[in-house]
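Good morning, and thank you for coming. Please look at the model on the screen while I go through its features.

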Amino acid sequence: MSKTPSEVLAMCRENDVKAIDLRFMDFPGLWQHFTIPVDKLDEDVFEEGLGFDGSSIRGWQAINESDMLVVPQSDTAFLDPFTSLPTVAMICNIQDPITREDYTRDPRNVARKSVNYMKSTGIADTCFVGPEAEFFIFDDVRFDQTPNQGFYFIDSIEGQWNRGKNTKAVGEGPNLGYKLRHKEGYFPVPPADQMMDIRNEMMQTMVESGLDVECQHHEVGTAGQAEIDLKFDELVTMSDKMMMYKYIIKNVARRHGKTVTFMPKPVFEDNGSGMHTHMSLWKDGEPLFAGGGYAGLSETALYAIGGLLRHAPSVLAFTNPTTNSYKRLVPGYEAPVNLAYSQRNRSAACRIPMYSPSPKAKRVEFRCPDPSCNPYLAFSAMLMAILDGVQNKIHPGEPLDKDIYDLSPEEAAEVPTTPGSLHDSLAALRRDHEFLLRGDVFTKDVIDTWINYKNEKEVDALRLRPHPYEFCLYFDI
């Protein structure tokens, strides 16, 4: 339910709130915040905003243009379930203090502009998004990289590798077995599933914070892989909710002495964490993707799929934005690397769920994204590709209803696949981004900054460092 500024102030009084936490998104995709006493919040702040220094925010302005405003959005207010001091948190838009224009590199602004552009085209007035984010709950994590060493270590009470561990000798009590075998976590009951209670607490905390949760369950991987699904919502609202979602999951885990990662591929030889994302367009309260074509799709839906598939290599620069993302997107494993569509084939990048015959349930599931993405940018890029497909009547071709692994080499060679690395996705984005610039949604500055930031801070940073496994391969050469 939307809240007005006066309702937020009443909420503060009714809950004896002492602090207001103001949150916004940096460029790569981490929530940032600062806190003010509750008596510094009045209705004027919702209009005038509060100043802060943006020069240290990743991917933002140079120091000579660093003064910025956060403008709290009253409809995002919620009681923070983790602070000892009663606190209301709000998501903010970012503005230039001189011009009062929305800041182009604010990811939330990009998402808002994508929805406004959609409305301006007359194609649709609503884009619903339903992400299914997966994550790992670990008991221990250690990692470091120095000039003379590099390593990571993760551990989980569920991990298959702990079947023979003498846990009593290290003060953890007896080893009770029930370690999940690789790829067998979907989904046995406790005691094999040892994360039931913590996932329930995550789910309940989300519900109490205003999120509409559909279900929670263990995922395929050993070592605590999990999924909690939210009911679909409008694009900007769902992006906001995904930030609350990550915040709640990480902090519930911390409360139990555990840690959570949304890194796409933290465990070798087991499933990575994806974020299959369901999208649909609506107009005047009517679904636009339902029709009499393949899998009950409309012509609009087929063109939407055509746009997604055509622009997928560049869209992946936002939906799969880390070097680690491409450890999950590997042919022959669990991830959907085939740029094709199908009504039931999970190896296709675009799947049409067939659970319900209702026209309102008709949607397209893009299976490539992972939860390391910045949701504001990822959902916006997907929407812009979909709109381009509809505007230009890009047909997706024939569906891929066969098992990809049963195709002949000649047939398989005809199915395009996702880029093999972040470097390749960024190169695709450099070549193909005109569709993102329409309506000034992604500006040229945003595209260039994203490509340069990712190449310098991540692609090159990894490429310059020796990998631990290279010592296994080459030390004695």
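Predicted model: local features only at pLDDT ≥ 70, side-chain atom pairs only at ≥ 80, totals over all residues.

Alanine 304 sits in helix α6, which covers residues 299-319. Helices here are DSSP runs of H or I with at least four residues, strands are runs of E with at least two, and both are numbered from the N terminus. With a relative accessible area of 2%, alanine 304 is buried. Buried means under 20% relative accessible area, exposed means over 50%, and partly exposed lies in between, with a 1.4 Å probe and protein chains only. Leaving aside residues up to four places away in sequence, alanine 304 touches Phe289, Ile386 and Val390; a contact means heavy atoms within 4.5 Å. Asparagine 392 lies 88 residues from alanine 304 in sequence, and the two C-alpha atoms are 9.7 Å apart in space.

Residues are numbered from 1 along each chain as its sequence is written, and side-chain values use heavy atoms, with hydrogens and water left out.

Let me turn to the overall fold. The protein has 13 helices and 18 strands. Its C-alpha trace spans about 65 × 60 × 50 Å along the principal axes. How does the radius of gyration agree with what a compact globule would have, and what is its value? For 477 residues a compact globule would have a radius of gyration near 23 Å, and the protein has 23 Å, which agrees. That radius is taken over C-alpha atoms, and the globule rule is 2.2 Å times the number of residues to the power 0.38. Of the 477 residues, 53% count as buried. Among contacts with a separation of 6 or more, 68% are between residues 24 or more positions apart.

Next, the empty space. Rolling a probe the size of a water molecule over the atoms shows where empty space is left. On a 1 Å grid over the protein atoms alone, a cavity is a set of points where a 1.4 Å probe fits but cannot get out; a pocket is an open set with protein on both sides within 12 Å along at least five of seven lines; and lining residues have an atom within 4 Å of a point. Grid points are joined across faces, edges and corners, and a volume is the space filled by probe spheres set on the points.

The second largest pocket has a volume of about 880 Å³. Which of its 40 lining residues are the closest to its centre? They are Glu132, His276, His278, Arg351 and Glu365. Two or more lining residues come from each of β7 (126-138), β10 (213-218), β11 (225-230) and β14 (275-283), and β7 gives the most, with six residues. By class, this lining has 14 nonpolar, 10 polar and 16 charged residues. Here Ala, Val, Leu, Ile, Met, Phe, Trp, Tyr, Cys and Pro count as nonpolar, Asp, Glu, Lys and Arg as charged, and the others, Gly among them, as polar.

As for cavities, the count comes to one of 30 Å³ or more. The largest cavity holds about 30 Å³ of space. Its lining consists of Phe24, Met25, Trp31, Ile91, Cys92, Asp106, Arg108 and Tyr376, and β1 (19-25) and β6 (87-95) each supply at least two of the lining residues. That lining divides into six nonpolar, no polar and two charged residues.

I will close with the backbone. The peptide bond from tyrosine 186 to phenylalanine 187 is cis, with omega near -20°, and phenylalanine 187 lies in the loop between β9 (149-155) and α4 (196-208). Another cis bond joins proline 190 to proline 191, with omega near 10°; proline 191 lies in the loop between β9 and α4. Lysine 183, a residue other than glycine, has a positive phi near 65°, and at 41% relative accessibility lysine 183 counts as partly exposed. Alanine 295 has a positive phi near 55°. Alanine 295 is found in the loop between β15 (286-287) and α6, and is buried, at 11% relative accessible area.
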